[in-house]
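This report describes a single structure, shown below.

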Amino acid sequence: LQTVQAHDASGTQITVLDENRQPLSSAKLFVGNQEFSADEEGRIVLPMVNEAVRRKVIVSDGKIATKIDLQQDEEEYSLAAGFFVDRALLQTGRTATLLVRPQLKLGPTPVAPEILKDAMVRIVATDLDGIETTKQFRALELNQSKELALDFRVPSRVAKIEFQLSGHVVRLSDRRQQELSTRQSIDIAGIRRTADTADAFLTRD
């Protein structure tokens, strides 16, 4: 018997193959006193664990049984995002569009960002006097295949804008919420915050 292991948001997937490398729907896996059966496609799903563990387990097709090493990783999520806005539109009073491309991972494995609950994007604009203006977008529906487009009005004399995506995931292993966030900031017209003056001239000999 051969096995193939993979990880996704539902847990650790183990596919048991026969000598012809065909999945075995009759396969079973034994972990201690627990028994897990394969589905029609020969996949056995082990639930998440709240601490990483490596152990010996037994797989069987009903006739042959073999012992394998199984690595169950900790259910730990991480959130990243790409933020993009056209800097040419970041002018006082204009409406700019923020594009957000989220990426949610379980360990090193990308998972669907739709499982991020209470997803929110927060935009904080700081002007030259240090005064902040905040706009929040709540109850967002994330999609791994496309960007999220959010329109916002650019305040006057803006010097810096910070974008933040946040939310939480309910861990399957212990039903606890794991809070996640990621952010990015951009500086605008930084020369306005200095006493420096610069000019350029084009001449012809």
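Thr-126 has its place in strand E11, which covers residues 117–127. Strands (E, at least two residues) and helices (H or I, at least four) are DSSP runs, numbered from the N terminus. The model is a predicted one, in which local features need pLDDT of at least 70 and side-chain atom pairs count only at pLDDT 80 or more, while totals for chains, interfaces and linings use all residues. Residues are numbered from 1 along each chain as its sequence is written, and side-chain values use heavy atoms, with hydrogens and water left out.

Thr-126 is buried, with a relative accessible area of 18%. Buried means under 20% relative accessible area, exposed means over 50%, and partly exposed lies in between (1.4 Å probe, protein chains only). Apart from neighbours within four places in sequence, Thr-126 is in contact with Ile-131, Glu-132, Val-158, Ala-159 and Lys-160. Contact here means heavy atoms within 4.5 Å.

## The four-stranded sheet

Four strands make an open sheet in the order E12-E11-E14-E15, and their pairing is antiparallel. Strand E12 (132–137) and strand E15 (177–187) are at the edges with a single partner strand each, so one side of each has no neighbour in the sheet. On average, neighbouring strands of this sheet are turned by 15° against each other, direction ignored. For such angles, axes are lines fitted to C-alpha atoms, for helices over the stretch in contact, and angles run from 0 to 180 degrees between N-to-C directions.

Strand E14 (residues 158–170) is joined to E15 by eleven bridges, and the two run antiparallel. Two strands count as paired if DSSP finds at least two bridges between them. Opposite Lys-160 stands Asp-187 in E15.

## Aromatic pairs

There are two aromatic pairs in the structure. Rings of Phe, Tyr and Trp (its six-membered ring) pair if their centres lie within 6.5 Å; planes under 30 degrees apart count as stacked, over 60 as edge-to-face and the rest as tilted. The rings of Phe-83 and Phe-163 are stacked, because their centres are 5.9 Å apart and their planes at 20°. Phe-83 lies in strand E8 (residues 77–84) and Phe-163 in strand E14, so this pair ties together parts that are 80 residues apart in sequence.

The rings of Phe-152 and Phe-163 have centres 6.4 Å apart and planes at 65°, so that pair is edge-to-face. Phe-152 belongs to strand E13 (residues 148–153).

## Nonpolar cores

A nonpolar core is a set of buried Ala, Val, Leu, Ile, Met, Phe, Trp, Tyr and Cys residues joined through side-chain atoms within 4.5 Å. The largest has 32 residues, of which Leu-90, Val-121, Phe-152, Ile-161 and Phe-163 touch the most other members. At least two residues of this core come from each of E8, strand E9 (95–106), E11, E13, E14 and E15. Apart from this core lies another of 14 residues, among them Leu-29, Val-31, Val-57 and Ile-68.

## A hairpin

Strand E3 (residues 28–31) and strand E4 (residues 34–37) pair in the antiparallel sense over four bridges. Val-31 stands opposite Gln-34 in E4. E3 and E4 form a hairpin with two residues between them, and Gly-32 in the turn has a positive phi of about 60°.
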